[in-house]
Amino acid sequence: MALGEKQAVAIVAAAGSGRRMGPGRPKLLREIEGKPVLVRTLEALDLPELEAVFLLLHPEEKGQVLPVLENQLRTYGYKHQLVIIDGGERRQDSVLAGLRAAGRWGGWRVPEADRLVLIHDGARPLVGEEVIRRVLAAAARTGAAAAGVPVKDTIKKVGEDGMVLETPDRRRLWAVQTPQVFSWPVIVHAHSKAEAEGLSATDDCALVEAAGHPVQMVMGSYANLKITTPEDLLTASALLKEAAASRYRVGQGFDLHRLEPGRRLVLGGVEIPAPFGLAGHSDADVAVHAVIDALLGAAALGDIGELFPDDDPAYKDIDSCLLLKEVMAKLAAAGFRPINLDLTIIAQQPKIAPYREKMKKNLADLLDVAETAVSIKATTTEGLGATGRGEGIAAQAVVLLKGKP
């Protein structure tokens, strides 16, 4: 997501006491699948839209937290400027300290009206980049936005005596999350007003609302839970395991075209001099067609015949590499990207070896992977079958896709 002329930084509130987590290591150093909560949170915010991160830590925990952060983030290859600040007694105090530090930051290139501040809980490590970008985009339009989810349970308002006072219509109830994003003038005014008037709130949206500015609610994720108790660590671990299991997809594709005199022979996007070519509605590049079907199959997005029917004149004699580009756009929209390709071309003739490296480069460029991630092999069928008799050429492709966790 491009922010246009706007510039964004993040404030991460990680100075809470974590009493409900129980005794032991600080809550934000507890591990989920081998990695501390706070490290996962900072990695989730490692997006190009955010130019600096102001991290609020409890003064008494800095000595334990900082060495772990430095070691883990160095290993991860963390790219952002990370500014460490002492947090306050309340979350609200910590965020205000972060705002003051951000106000002194020397990296601003835009006027205050074009500055965005993303505020996130250090204990929400499973926030997805789609959620972050949705909230940034909404705040860029409205000046104030927050992630949230519709409540699933019926909510009761209860009196001090434990008796139900009312049952609000849950269709209008949302559970607010972070990130919450605000334009600089909106959030600074809200915190300044709260400080001057002694207002207290558990999240920044409430302060902004109290200052008279509306807040746009943006669909968050039920997986974007806040780590508060030991049970939350178990839930987060289960969510990560489930995401990891479904993150990688394998697909295979196969195509076969008969040979025909007078047609161009195109394989892997490379035109090969030959007295014959492959018959088909498009340029009949069986290698690229096999790759397309492997990609579509791995992502469960249909097949080449569904997307590019052979009775559609728009695809008459079309370069199959253009079709592959269109498929890559569909994969990106669905959250997938290729990791590697293994392609086998089955033909008695011509010899593939002289053209292999050019094919590899073509396909690597189209798939946006390194050439070392593309394997192209050629084989014959020892005179057996249609390919063995020289009646056609076939190709088989296997791909690995990586999806967003």
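Is the crossing of α3 and α5 left-handed or right-handed? The crossing is left-handed. A crossing counts as left-handed if the near helix is turned anticlockwise from the far one by less than a right angle, and as right-handed if clockwise.

The model is predicted: local features need pLDDT of at least 70, side-chain atom pairs count only at pLDDT 80 or more, and totals for chains, interfaces and linings use all residues. Residues are numbered from 1 along each chain as its sequence is written, and side-chain values use heavy atoms, with hydrogens and water left out.

**View 1. Helix α3 crosses helix α5.** Helices (H or I, at least four residues) and strands (E, at least two) are DSSP runs, numbered from the N terminus. Helix α3 spans residues 91-104, and helix α5 spans residues 184-197. Their axes come within 11 Å and cross at roughly 130°. That makes α3 oblique to α5. Angles under 35 degrees count as roughly parallel, over 145 as roughly antiparallel, 65 to 115 as roughly perpendicular and the rest as oblique. Axes are lines fitted to C-alpha atoms, for helices over the stretch in contact, and angles run from 0 to 180 degrees between N-to-C directions. From α3, the contact (heavy atoms within 4.5 Å) takes in Gln92, Val95, Leu96, Leu99, Arg100, Ala102 and Gly103. From α5 come Trp184, Ile187, His191, Ala194 and Glu195. By class, the contact of α3 with α5 has seven nonpolar, three polar and two charged residues. Here Ala, Val, Leu, Ile, Met, Phe, Trp, Tyr, Cys and Pro count as nonpolar, Asp, Glu, Lys and Arg as charged, and the others, Gly among them, as polar.

**View 2. Seven strands form an open sheet.** The order is β5-β4-β1-β6-β10-β7-β11, with mixed pairing. Two strands pair if DSSP finds at least two bridges between them. At the edges lie β5 (81-86) and β11 (216-219), and each pairs on one side only. Neighbouring strands are turned by 25° against each other on average, direction ignored. Strands β1 (residues 7-14) and β6 (residues 115-121) pair in the parallel sense over seven bridges. Val9 has Val117 as its bridge partner in β6. Helix α5 packs on this sheet and touches β6 and β10 (174-183). The direction of α5 makes about 110° with that of β10. Pro179 sits in strand β10. The peptide bond from Thr178 to Pro179 is cis, with omega near 15°.

**View 3. Arg109 forms a salt bridge with Glu51.** The closest N and O atoms are 2.8 Å apart. A salt bridge is a side-chain nitrogen of Lys or Arg within 4 Å of a carboxyl oxygen of Asp or Glu. Arg109 is in the loop between α3 and β6, and Glu51 is in strand β4 (residues 50-57). The two are 58 residues apart, so the pair links distant parts of the chain. By this rule the count comes to 21 salt bridges.

**View 4. Five strands form an open sheet.** The order is β15-β12-β18-β16-β17, with mixed pairing. The edge strands, β15 (276-278) and β17 (374-379), each pair on one side only. The twist averages 25° from one strand to the next. Three bridges join β12 (residues 248-261) to β15, and the two run antiparallel. Pro261 has Phe276 as its bridge partner in β15. Helix α11 (residues 356-367) lies across β16 (336-346) and β17, at about 140° to β17.
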